[in-house]
Structure formats: structure tokens, C-alpha cells
Amino acid sequence: MQTQLDPMKDDLPLMANTSYMLVKHYVLDLDVDFENKVIEGSIVLFFETGSQYRKTISAGKECCKSQFDETCKMRASEPCHIPMMDVSTCSSKMECNDFAVSGKEEEATSDENSNHSNNEQASGISSSKDCCDIEDHGNKDFLLVLDCCDLSVLKVEEVDVAAVSGIEKFTRSAKLTSVSKELENLRNQIVHEVVTLPADHWKEQLYYFTHCSQAPGCGDLLFSTGPWSLEITKSGTQSPADFPHAIRIWYKTKPEGRSVTWTTDQSGRPCVYTMGSPINNRALFPCQEPPIALSTWQASVRTAAGFVVLMSGENSAEPVQLQEGILSWYYYVSMPMPASTFTIAVGCWQEVKQQSVKQKAAIGTNTEVSLPSSQTDLRWHEEICGHVEYPCRFQNPAARLQAVIPYRVFAPWCLMESCEEYLLQLVPQCLSAAYATLGTHPFSRLDVLIVPSNFSSLGMA
């Protein structure tokens, strides 16, 4: 049934079982390969147990056994025996990125459920014998399901966050004194401590997310790819609480993936960008898409020199040269948002900058907006927000007075003069008008990109 869905007509299936495991943060580490038209690398996901599971535990019931049974029954499939390379011998990120995926594997992954382990030729983790034996009610492994489409998954592993230098502060915390010191339990408690840091510690949290994502792997996990999902299990783990709360997925996109468009800009130079539709970001990285799945993220993206990487991030990234001809770009967000709002555009863009004092002065006149006194009183009072905790600009007095947020404008070289003449003067006026009408800007900055003429997505978040 899944393979017959038409994304242009049907609702996208929400496969992720967020009621049991909820992603709180993504760390992407990617390379953009224009020659082969793929984006490849790894993504680390940090989880908390979902509300449904916690509610069940607090009520003293069994760990949703019947729901797990039904989930396994619905997702059970026949194993597809496909030879896999032994990626456990990877000693570095670049070595894993260099693994090729055979055409047969890609075809099988795209067209039907295909089950893999990392070190064996085949492992049908969705088969009734391995994880969903309906007759064996007491020994069913928990199945983590992520939303995924048009991706080649190479390897899935647990991350040893306990090996991170300086993480001892969390292992000595009061919350861990009564917890079993089994290493698996300790790792999950460390992740819990990091993801639950208060909003005013967001820089510290980002620091630990970064270092935890770079920790070594500590065990391969079984995985299965289907038309709309990635299913992961750990042998002998029956509940979400015991499942690894930090996992790393090595993967690569496909040239035909429906989340990204490989094309050329108005100057005829190669570029790639996220479409935002028709399947959101499922063909860009494994994620969770149900409405409850709000998360933060950070991303490091490497590409050849001469290309510019733009993302929906809170910082204005500047490139760092890793080696000759290779640049790295880093972005992050501290506001929990749906995975569908992650956007990326890579191309030979040029930043359009102010060239005259006259233009700078014109923009400066738009940084403050005069409001009627009654509206001013309403605007500047302490606003009460009902969202989840994060560093909210609406609670920042300086942000509430900022009519024009920092912005950058990027365009292909053939449109530089037009953008300088017209667009640079228009952007601050638009920002000021939005501020006067709607109030405080929810984000701290803005990048404006002149997209290629074949950009067809009208529904980008």
C-alpha cells in the first residue's frame, strides 16, 4: 500500500513512532558532491522517551506491549537478502563516506523493504522471528521507526557519549546517584541530562551536543529501510527507555531524491537546494515528521571552494578552510522546530553588499519605526509565551526594539548589479513593514537568496 501513495495527491504517511521515542536534537555532518549529485555523511540523533511511554510507565502498566505487538505485526516483512560491505572497519568519517552503494542495493532499497545489518550479509530485523514473533510475547525488541524516503542507509550505530571528555559532570549529578551504573543506562542518562538543560544554558548544551556527536560508536544496530521509513532495533532491548538515546546514521542521498533539486543557477553554474515539498526533508535525512516532533539541530557541511552553503540557521556562517580546495560551513538553531523547516542551498552564490554611503544611510533610516503610543505600550510590555522552553526573542527587550534584523543577500553573479540597485533597498523596508504590522521578529537574522528560475516549490515553511 505504501508504494502506491502519490505525494502530489495523498497525505504523506507519518511512520515515526514519536509516542515512544522523540528526537530532541539532530547533528548533521555532510559532504556535498556535485559530480555524483549526492549529499553524504552522517547524522546523530539525540532522543528522549515519548509521552505515551512515560505515561504508561507512570501508570504502572506494562511497556505498551500490545501496541508494540501491533506495530511489529503491521511492519513485519520478508527479509531481502542483499550482500552488504563490512563498514565496521571504517576508521574515519571520510572512509565511511567513500563506500559505494551498488545499483542493486539502491533499487531494492527504493522499491521494497530491504533489511540489513552492518556486519552481516543480511538480517531481516522486521521478520517475525527476529523482532516481532507474535507467539513470543515476552521477548520482543523495541523497534524505532523514522520517516525516511529515497535514502541509501549504510550503517547505524550507538554513540558512546560516556567517552566524551568532560561529560563527568553529568555522571556525578544527583539524578544519577540512584541509577544503575550499567554503561548503557549511563549513556541514556547522560543524553537525558544534556537534552533537559534549561534554555539559558543553550550554548553549553550546544557544546555538549557537538562533542557527543563526535564520540566513537559502541555497537552496530540492525536496520531496515522501506519506501517511507527507516526501522532500527537493538537485539535484546525491549523498551524505549533501554534503547540507545544517541545513535549515528551513515547515509547518502540519491540523485533522484525528491527533497533536493540538482540544477543550475541563472549563470549556468551548478547548485542544489531543498524543495520543501512534496515529501519535506525525508530524502535529505532520516527524521521524525509528526506535529509533536519539534527539535533543534546543527549542521556542518563541506563543499568545494567556490561554493557557498546557506541554511536556515540562527548564525551567519562563514567558511572555514579544512584543506586545499575544501570549505566547511556550520549552522545551528536553538528554537525547536519541525524537521521540515530545515533548508539548505549550495551554489556559486555571491553576497550582494552595500557599495555606497548613500545606500547605507537609506537603510539606516528604516531601523526604527514610529508607532502610536497605545500600540507602543502594548508592544513593549512583557509578553507571555506558551511555547516550549527555548531562548525566546520575545522575552528579550533589545530584540523587541529591533525593527530590522541583520540580513544578507545572495545571488548568482549575473544578477549582482540588479540586486544591488533594487533589492538591497527593498529588504529593510520589508522588514520594517513586517515589524510594524506583526511585532518582534521571531528569528535573529535573515538570508535572502535569488533562487534559480526552475524553483517550483510554493509551500516552503
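## A walk through the predicted model

Let's start with a sheet: three strands make up an open one, ordered S17-S18-S19, with mixed pairing. At its edges sit strand S17 (350–352) and strand S19 (446–449), each of which pairs on one side only. Direction ignored, neighbouring strands of this sheet are turned by 35° against each other on average. A word on terms: helices (H or I, at least four residues) and strands (E, at least two) are DSSP runs, numbered from the N terminus, and two strands pair if DSSP finds at least two bridges between them.

This is a predicted model, where local features need pLDDT of at least 70 and side-chain atom pairs count only at pLDDT 80 or more, while totals for chains, interfaces and linings use all residues. Residues are numbered from 1 along each chain as its sequence is written, and side-chain values use heavy atoms, with hydrogens and water left out.

Back to the sheet. S17 and strand S18 (residues 407–411) run antiparallel and are joined by three bridges; Gln350 has Ala411 as its bridge partner in S18. Helix H11 (residues 416–438) packs on the sheet and touches S17, S18 and S19, its direction making about 150° with that of S18. Contact here means heavy atoms within 4.5 Å, and axes are lines fitted to C-alpha atoms, for helices over the stretch in contact, with angles from 0 to 180 degrees between N-to-C directions.

Strand S10 (residues 260–264) and strand S11 (residues 270–274) pair in the antiparallel sense over five bridges, and Thr264 finds its partner in Pro270 of S11. Because four of the five residues of S10 are buried, S10 is largely enclosed by the rest of the structure. Buried means under 20% relative accessible area, exposed over 50% and partly exposed in between (1.4 Å probe, protein chains only).

Finally, take a look at Asp141, found in the loop between strand S3 (114–116) and strand S4 (143–147). Asp141 is buried, at a relative accessible area of 9%. Its side chain reaches two backbone nitrogens: that of Gly236 at 3.0 Å and that of Thr237 at 3.4 Å. Asp141 and Pro240 lie 99 residues apart in sequence, yet their C-alpha atoms are 9.5 Å apart in space.

Note on methods
Polar contact = N/O pair within 3.5 Å; in protein donor to acceptor, adjacent residues only side chain to side chain.
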